[in-house]
Amino acid sequence: SEIVEYMHQNYSKNITAEDLAGIIGLSTSQLNRKFKKEMDESPIIYLLKIRIEKAIMKLLSTDSTITEISYECGFNNQTYFNIQFKKITGCSPRDYRKKYT
């Protein structure tokens, strides 16, 4: 739960699996195994979903550009953000905003 809380509070920062493992004193492989056992996905996939969730909230509640939102949510590359967003939601950030606002 410490790792999950950390991800929710720091999703906009550059976070690696090594960073997360260091927080609780495990190796990266130990963290991945334990996290996957408890949450059914890797910590990095979980973090990605948090970031997309936060991006959705910003898309629907602000007039910020998609580029601004992608960076605010911890993505260093808008193309990667668009790809991951579409993979999770089924549509692009722009289409999502149009559809739900």
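Modeller: A pocket here is an open set of points on a 1 Å grid over the protein atoms alone, with protein on both sides within 12 Å along at least five of seven lines, and its lining residues have an atom within 4 Å of a point.

Colleague: Which residues line the second largest pocket?

Modeller: S1, E2, I3, V4, I24, L26, L31, K34, F35, E38 and M39 do. This is a predicted model, where local features need pLDDT of at least 70 and side-chain atom pairs count only at 80 or more, while totals for chains, interfaces and linings use all residues. Residues are numbered from 1 along each chain as its sequence is written, and side-chain values use heavy atoms, without hydrogens or water.

Colleague: Thanks! Which element gives the largest share of that lining?

Modeller: Helix α3 does, with five residues. Helices are DSSP runs of H or I with at least four residues, strands are E runs of at least two, and both are numbered from the N terminus.

Colleague: What's its volume, and how does the lining divide?

Modeller: About 160 Å³, a volume being the space filled by probe spheres set on grid points joined across faces, edges and corners. The lining has seven nonpolar residues, one polar and three charged. Asp, Glu, Lys and Arg count as charged, Ala, Val, Leu, Ile, Met, Phe, Trp, Tyr, Cys and Pro as nonpolar, and the others, Gly among them, as polar.

Colleague: And what lines the largest pocket?

Modeller: N14, I15, I44, I45, L47, L48, R51, G74, F75, N76 and Y80. The volume of this largest pocket is about 190 Å³. Helix α4 (residues 43-61) gives the most to its lining, five residues. By type, that lining holds seven nonpolar residues, three polar and one charged.

Colleague: Back to α3. At what angle does α1 pack against it?

Modeller: Helix α1 (residues 2-10) meets α3 at about 90°, with axes 11 Å apart. That makes the two roughly perpendicular, a label for 65 to 115 degrees. Axes are lines fitted to C-alpha atoms over the stretch in contact, and angles run from 0 to 180 degrees between N-to-C directions. I3, V4 and M7 of α1 touch L31, F35 and M39 of α3, contact meaning heavy atoms within 4.5 Å. All six of these contact residues are nonpolar.

Colleague: Last one: how many helices and strands overall?

Modeller: Seven helices and zero strands, and the chain's C-alpha atoms fill a box of roughly 45 × 20 × 20 Å along the principal axes.

Key. Parallel < 35°, antiparallel > 145°, perpendicular 65-115°, else oblique. 1 Å grid on protein atoms, 1.4 Å probe; cavity = no way out; pocket = protein on both sides within 12 Å on 5 of 7 lines; lining within 4 Å.
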